[in-house]
Amino acid sequence: MTNPGQDAGLDEGMLDWIREVTGASSLRIERRSAGASRAGYAVDAVRNDGSTRELWLRMDTGFG
């Protein structure tokens, strides 16, 4: 399986954490503009029962 966050710039540790806290079996991630020094990601966490949690992840990309 390819890393679903690779093109979005997320590392495997972050993807593992998202899966763990959401119970997701798969992820769809798209990087979006979040402004200033922050990166924003639209995350769809798909569970085994077929339900999807739509999430927003915002990360500070600098030293702020």
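## Salt bridges, sheet and core

The side chains of Asp16 and Arg19 meet in a salt bridge, with 3.0 Å from N to O. The model is a predicted one, and every value here is computed from it. Asp16 and Arg19 are separated by about one helical turn, because they are 3 residues apart in helix 1.

Arg19 stands at 17% relative accessibility. Buried means under 20%, so Arg19 counts as buried.

**Around Arg19**

Arg19 is found in helix 1. The side chain of Arg19 makes a polar contact with the side chain of Asp16, at 3.0 Å. The side chain of Arg19 also makes a polar contact with the side chain of Glu12, at 3.3 Å. Which residues form a network of salt bridges with Arg19? Glu12 and Asp16 are linked with Arg19 in that network.

**Other salt bridges**

How many salt bridges does the model hold? The count comes to 4. The table lists some of them.

| Pair | N to O separation |
|---|---|
| Asp16 and Arg19 | 3.0 Å |
| Arg28 and Asp44 | 3.7 Å |
| Glu30 and Arg32 | 3.2 Å |

Take Arg28 and Asp44. Their closest N and O atoms are 3.7 Å apart. This pair links distant parts of the chain: Arg28 lies in strand 1, Asp44 lies in strand 2, and 16 residues separate them. Arg28 has 47% relative accessibility, so Arg28 counts as partly exposed. Asp44 has 24% relative accessibility and counts as partly exposed too.

Now take Glu30 and Arg32. Their side chains meet in a salt bridge at 3.2 Å, N to O. Glu30 is partly exposed, because its relative accessibility is 43%. Arg32 is partly exposed as well, at 40% relative accessibility.

In what order do the strands lie? The 3 strands form an open sheet in the order 1-2-3, and the pairing is antiparallel. Strand 1 and strand 3 are the edge strands, since each pairs on one side only. From one strand to the next, the twist averages 25°.

Look at the two pairings in turn. Strand 1 and strand 2 run antiparallel and are joined by 9 bridges. Strand 2 covers residues 38-47, and strand 3 covers residues 52-60. These two strands also run antiparallel, and 9 bridges join them.

Strand 2 and strand 3 form a hairpin. How many residues lie between the two strands? There are 4. Gly50 sits in the turn and has a positive phi of about 95°.

Asp60 is found in strand 3. The C-alpha atoms of Asp60 and Arg38 are separated by 4.4 Å, yet these residues are 22 residues apart along the chain. Leaving aside neighbours within four places in sequence, Asp60 is in contact with Ser37 and Arg38. Asp60 has 33% relative accessibility, so Asp60 counts as partly exposed.

**The core**

Which residues make up the largest nonpolar core? There are 12 residues in all: Ala8, Leu10, Leu15, Ile18, Ala24, Leu27, Ile29, Ala39, Tyr41, Val43, Ala45 and Leu57. Helix 1 (12-22), strand 1 (24-33) and strand 2 each supply at least two residues of this core. Strand 2 gives the most, with 4 residues.

Ala45 is one of the core residues. Ala45 stands opposite Arg53 in strand 3. What does Ala45 touch, not counting residues up to four places away in sequence? Ala45 touches Thr22, Ala24, Ser26, Leu27, Ser51, Thr52, Arg53 and Leu55. Ala24 and Leu27 belong to the core along with Ala45.

**Bringing it together**

Helix 1 holds Arg19, and helix 1 also supplies at least two core residues. The salt bridge between Arg28 and Asp44 links strand 1 to strand 2.

Note on methods:
Residues are numbered from 1 along each chain as its sequence is written. This is a predicted model: local features need pLDDT of at least 70, side-chain atom pairs count only at pLDDT 80 or more; totals for chains, interfaces and linings use all residues. Side-chain values use heavy atoms; hydrogens and water are left out. Two strands pair if DSSP finds at least two bridges between them. A nonpolar core is a set of buried Ala, Val, Leu, Ile, Met, Phe, Trp, Tyr and Cys residues joined through side-chain atoms within 4.5 Å. Buried means under 20% relative accessible area, exposed over 50%, partly exposed in between (1.4 Å probe, protein chains only). Contact means heavy atoms within 4.5 Å. Axes are lines fitted to C-alpha atoms, for helices over the stretch in contact, and angles run from 0 to 180 degrees between N-to-C directions. A polar contact is a pair of N or O atoms within 3.5 Å; within protein, one must be able to donate a hydrogen and the other to accept it, and residues adjacent in sequence count only if both atoms are side-chain atoms.
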